[in-house]
Amino acid sequence: MSKSFSEDPMFQQALAFAKSPVTRRTVLAGAGATSIAAFLAACAKPGGSNTKTLTPATDVSATEKVVTWDNWPYYIDGESDQSFPTIKAFEAQTGIKVTYNINVDDNNSYFARVKNQLMAGKDTGADTMCLTDWMIARLIDNGYVQALDYTNIPNALPTANLDPAFDGAAGHFGDFDPGRKFSLPWKGIIAAIGYHKVNYKKLTGKDAPTSVADLWAPELKGKVEVLSEMRDTLGIMMMADGIDIAKFTSDDFYNTLDKLKAQVVGKQIRNVKGNSYIDDFNDAGDAVAGIIWAGDLIGKNIEVGNDNLGVVLLDSGSTFACDNFVIPMGSPHAANAEKIMNYYFEPAVAAKLALAGVNYVPPVKGTKELVISQNPSLGNNELMFPSADTYKNKLHNFRPLTPKEDNEFSTAWSDVISGVA
Amino acid sequence: MAIAGFSGGTAKGSSKRNSKGASKSALKGDRKGAIVAGILLIPGLLYLALFFLTPLVQLVVTALESPDASGAIGAYVYDFNVQNFADVAVKYSLQIFRSFGYAFLATIFALLISYPLAYFVGVKVRRWPLLQRMTLVLVIAPFFISFLLRTVAWKQLLSVGSPLLGVLQNIGLVPHDGYFIGTPAAVVFGLTYNFIPFMTLPLFTTLERLDGRLIEAGADLYANPFKVFTKITLPLSMPGVVSGTLLTFIPIAGDYVNASRDFLGSSDTSMIGNMVDQDFLSNQNYPYASALSVLLMATILILVSIYVRRAGTEELL
């Protein structure tokens with residue numbers, strides 16, 4: 001077999017689940033995801049929106065030197081062997097014990113798990129979590145998250161290390177949170193076209209795909225995979241049709257969705273997946289090309305030690321989104337959470353992550369220079385450190401959806417990818 | 001069941017005594033027995049009320065909710081919207097049909113694989129208890145490993161370029177440029193594999209008790225082995241077959257791991273469980289998810305009732 005079983009992300013997640021110690025907290029916060037959350041959600045006051053104004057929980061950070069952080073897979077150094085060097089260094093430096101949980105593999109399902117605690121302003125089990133822009137916008141709008149205290153996060157001030165591209169000013173990333181009052185960027189994610197260089201050449205005779213249309217080449221039938229993240233897959237497809245994703249209409253959305261559906265039904269697209277797609281981009285060729293997250297492919301190349309996977313930033317436009325830190329109202333360790341944010345806004349720490357294979361865009365000024373000094377090709381990689389020109393011309397943000405659109409579009413989307421519609 | 005057991009016991013006792021006084025005290029005993037039975041039942045009833053009845057009622061209540069005026073994601077209000085049931089039955093008709101189809105196929109395959117296996121362990125190696133125990137452990141041992149890990153392992157073992165897929169391609173079961181993971185066959189394969197012990201163990205417990213002398217007698221009466229099997233072995237093992245098929249069919253119909261796009265499935269293989277998962281966690285359409293769950297439960301209940309009525313429940317286990 002061409003790949004090791006242990007590399008499979010689903011395997012890693014299942015293994016982590018099997019290995020995770022059962023504590024009161026994990027039982028309440030994590031394991032309950034399946035049944036208890038269902039029960040609680042059913043018991044919750046219907047209506048979804050919150051009527052009472054929530055206030056931050058009493059902060060006991062000074063006495064309880066702990067912080068729990070929920071994050072996505074592939075987002076920290078030493079994840080595969082659970083060594084977490086930068087977290088260990090933070091613990092040694094501050095005396096705060098960090099529980100790092102790879103608990104997020106989808107914004108919606110994560111939200112559904114903690115929704116009732118968020119609505120009630122209760123502890124969700126996580127003091128901070130990193131979720132994607134649109135979900136963070138929803139959390140802020142509903143008043144589920146605390147305002148950040150920048151006295152604990154001096155590194156993330158715009159005057160310090162926060163990259164201005166992410167400062168939340170109008171037209172910049174994070175504009176759902178002007179002045180970054182409630183959220184701070186963790187990593188930027190570029191969705192683009194990815195391909196396996198050798199297999200792509202073998203099948204199509206061409207060196208690299210240059211457009212979305214190239215994915216629909218007959219030679220690639222059954223070898224294309226796209227992301228289950230609606231905003232990325234449809235965003236890229238809409239832009240390929242010349243639609244501005246900052247102001248598309250409902251018709252634009254459904255027309256593009258129909259195009260995707262045709263490719264799913266026609267089996268051009270073999271599968272629509274979340275993070276586990278990366279394992280299919282193997283040398284054997286389960287997937288040869290598709291819509292992917294750039295950081296995953298760069299990371300996979302570094303991990304495997306070759307350069308087999310390529311990423312193309314489309315001229316028609318790629319999507320860009322951020323995962324952002326927030327602190328839920330019910331967190332009793334807000335100050336500790338802010339300290340860990342502060343720590344990751346040190347360029348040296350951000351550079352360590354980048355060099356250790358966390359290949360997503362760091363929103364920390366000064367990281368690029370540090371990475372260049374140690375690994376020039378990585379530091380000069382546009383996919384990790386996009387230039388101002390790339391930001392402006394090639395990376396675009398999916399427009400915010402109204403709650404009603406969010407509901408309609410998400411349902412239409414999941415119906416197509418699960419073969420219902 | 002417990003009440004029947006208690007009162008049945010005392011009734012038997014009272015019939016043996018004939019004097020008036022004795023029957024009076026038996027009556028007293030009856031009442032006492034009923035009270036004791038009632039008290040002993042309280043924990044069980046409370047448990048059922050709390051962990052079975054309450055969620056079930058909540059599920060039905062949720063299944064009847066309607067979207068609120070905002071139409072926002074996850075926003076629903078209490079209502080009596082029976083339409084939800086019709087909506088999900090129509091919208092997910094393919095997935096419902098597919099779930100029961102897959103469950104039927106996987107149960108048949110599991111039975112075909114498990115019967116010889118259980119026969120071997122329960123009858124053939126009966127004379128060597130140590131060997132019997134070892135073979136039984138061999139059947140069960142893989143299932144000490146997490147269900148998820150085993151399923152992901154199959155995803156790897158059957159992925160493109162794997163030797164196993166190569167064999168399937170060489171014998172013509174899979175086209176040479178084709179793939180297996182993500183196809184309905186892969187999902188049925190995974191379901192069959194994952195539920196084999198639930199079929200094997202009940203079969204084993206009935207076959208283990210199979211009286212070898214009856215088989216010998218059948219042979220003495222000039223029945224050929226096939227006839228011995230259909231007239232003696234199979235009827236005697238029917239309780240195991242019935243409970244085995246129930247123990248596999250019911251969970252398979254509701255399974256959502258094997259058919260998931262992240263495991264052995266694709267957009268082509270979604271089952272009811274995947275739709276409940278999607279409506280609950282992604283779309284936050286709690287009424288649809290609940291209505292579909294209730295529908296799944298009701299359908300299974302009806303199918304199982306018909307099946308059990310036809311097959312008989314005597315000595316089910």
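**View 1. Y74(A) in its loop.** Y74(A) is partly exposed, at a relative accessible area of 25%. The class lies between buried (under 20% relative accessible area) and exposed (over 50%), with a 1.4 Å probe and protein chains only. Y74(A) sits in the loop that joins β1 (66-71) to α4 (85-94) of chain A. Helices (H or I, at least four residues) and strands (E, at least two) are DSSP runs, numbered from the N terminus. Phi of Y74(A) is near 65°, a positive value in a residue other than glycine.

The model is predicted: local features need pLDDT of at least 70, side-chain atom pairs count only at pLDDT 80 or more, and totals for chains, interfaces and linings use all residues. Residues are numbered from 1 along each chain as its sequence is written, chains are lettered from A and ligands numbered from 1 in the order written, and side-chain values use heavy atoms, without hydrogens and water.

**View 2. N375(A) between two helices.** The loop between α13 (367-374) and α14 (376-379) of chain A holds N375(A). N375(A) is partly exposed, with a relative accessible area of 27%. D315(A) is 60 residues away along the chain, and the two C-alpha atoms are separated by 27 Å.

**View 3. Chain A as the setting.** Chain A has 16 helices and ten strands. Of its 421 residues, 58% count as buried. Among contacts (heavy atoms within 4.5 Å) in chain A with a separation of 6 or more, 75% join residues 24 or more positions apart. The accessible surface of chain A is about 16,100 Å², and carbon and sulfur atoms hold 56% of it. Areas come from the Shrake-Rupley method with a 1.4 Å probe; for residues, only the protein chains shown count as cover.

**View 4. Helices α9 and α10 of chain B.** The axes of α9(B) (residues 212-220) and α10(B) (residues 225-254) come within 10 Å and cross at roughly 165°. That makes α9(B) roughly antiparallel to α10(B) (over 145 degrees). Axes are lines fitted to C-alpha atoms, for helices over the stretch in contact, with angles from 0 to 180 degrees between N-to-C directions. L214(B), I215(B), G218(B) and A219(B) of α9(B) meet V228(B), I232(B), T233(B) and L236(B) of α10(B). By class, this contact has six nonpolar, two polar and no charged residues.

View 5. Y222(B) lies in the loop between α9 and α10 of chain B. Y222(B) is exposed, with a relative accessible area of 79%. Its phi is positive, about 65°, although Y222(B) is not a glycine.

Notes: Parallel < 35°, antiparallel > 145°, perpendicular 65-115°, else oblique. Nonpolar A, V, L, I, M, F, W, Y, C, P; charged D, E, K, R; others polar.
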